[in-house]
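Keep the structure open beside the text and follow along.

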Amino acid sequence: MSQPIKLYTWGTPNGFKVSIFLEFLGLKYDAIPVDIGKNEPKSDWFVKLNPNGRIPTIEDPNFKSDNGGSSGSGPLVLSQTGAILQYLADTYDKQHKFSYPYGTAEYYKTLEYLIFQVSENGPIQGQANHFILYAKEKVPYAINRYTTDVKRIYGVYEDILSRNKANDGKYLVGDRYTVADFALFGWAVRLKALDIDIHQWPLLGKWHDALESLPEVQRGIRAVPPKWLNDDDTAKA
């Protein structure tokens, strides 16, 4: 019997991504709180796990190297949500319920949109969170710049959904939810903190509501301590 995956996390957009996907995969995991309000991610014990000192991080005691590499088998410690989500899909979704076989066009489109989320959506929305919700000094230029770019990026996602005509914009890629959807949802669900209504993009609004209604999503959100943070803490995610 496999051992639970350790998920070091906190109630932030990035934290939600991983716990939600773990719920969809039906994997056993222990959510271990790392309090960002107390700067715990920078503590010595956590930096030993993740040199960047950011949540989330996972420790998978069931890891076994497929090719017998130098790492062999034993616990795998992994950070960065893009890497974590891709690892979980590769390792635990062999039937491709939430992924596509390696080498297919859908596999690479999923990777494209996952990278878009972690390289543009998350960082830009995080900066908007910081300047609007957390910064002691209100800088109009920064607020306008990052708010405008957040809206531009969600407009791109609306276009992406509109191009998936076979499924009426239900999914970012193909005919199923993938790590690209779960990665985006973690941040999309917090747009309300910026006073941005996701329903101004019709397809995104439907996509958001459909995902939010799923029990796996609700369990994934509730699993992350604390259940919800105030806006100041979310800005530091």
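## Loops, sheet and helix packing

His96 sits in the loop that links H3 to helix H4 (105–134). Please keep in mind that this is a predicted model. Although His96 is not a glycine, its phi is positive, at about 60 degrees. Asp195 also has a positive phi of about 60 degrees without being a glycine, and Asp195 belongs to the loop between H6 and H7. Are these two residues buried, partly exposed or exposed? His96 has 26% relative accessibility, so it counts as partly exposed. Asp195 counts as exposed because its relative accessibility is 73%.

The table puts these two side by side with a residue that we visit next.

| Residue | Relative accessibility | Class |
|---|---|---|
| Thr81 | 8% | buried |
| His96 | 26% | partly exposed |
| Asp195 | 73% | exposed |

Thr81 is part of helix H3, which spans residues 81–92. Why does Thr81 count as buried? Its relative accessibility is 8%, and the cut-off for buried is under 20%. Leaving aside residues up to four places away in sequence, Thr81 touches Asn14, Lys17, Val18, Pro56 and Val118. With one of these, Lys17, there is a polar contact between side chains at 2.9 Å.

Pro56 lies in the loop between helix H2 (44–47) and S3, and a cis peptide bond with omega of about -5 degrees joins Ile55 to Pro56.

Now for the sheet. It is open and has 4 strands in the order S2-S1-S3-S4, with mixed pairing. Strand S2 (29–33) and strand S4 (76–79) form the edges, each pairing on one side only. On average, neighbouring strands are turned by 20 degrees against each other, direction ignored. Strand S3 (residues 57–60) and S4 run antiparallel and are joined by 4 bridges; Thr57 has Ser79 of S4 as its bridge partner. Helix H1 (residues 13–25) lies across strand S1 (5–9), S2 and S3, and runs at about 155 degrees to S1.

How do two of the helices pack? Helix H6 (residues 179–188) meets helix H7 (residues 202–212) at an angle of about 95 degrees, and their axes are 11 Å apart. H6 is therefore roughly perpendicular to H7. H6 contributes Asp181, Phe182, Leu184, Phe185 and Ala188 to the contact, while H7 brings Leu204, Trp207, His208, Leu211 and Glu212. Sorted by class, this contact of H6 with H7 has 7 nonpolar, 1 polar and 2 charged residues.

Technical notes. Residues are numbered from 1 along each chain as its sequence is written. This is a predicted model: local features need pLDDT of at least 70, side-chain atom pairs count only at pLDDT 80 or more; totals for chains, interfaces and linings use all residues. Side-chain values use heavy atoms; hydrogens and water are left out. Buried means under 20% relative accessible area, exposed over 50%, partly exposed in between (1.4 Å probe, protein chains only). A polar contact is a pair of N or O atoms within 3.5 Å; within protein, one must be able to donate a hydrogen and the other to accept it, and residues adjacent in sequence count only if both atoms are side-chain atoms. Contact means heavy atoms within 4.5 Å. Axes are lines fitted to C-alpha atoms, for helices over the stretch in contact, and angles run from 0 to 180 degrees between N-to-C directions. Angles under 35 degrees count as roughly parallel, over 145 as roughly antiparallel, 65 to 115 as roughly perpendicular and the rest as oblique. Ala, Val, Leu, Ile, Met, Phe, Trp, Tyr, Cys and Pro count as nonpolar, Asp, Glu, Lys and Arg as charged, and the others, Gly among them, as polar. Two strands pair if DSSP finds at least two bridges between them.
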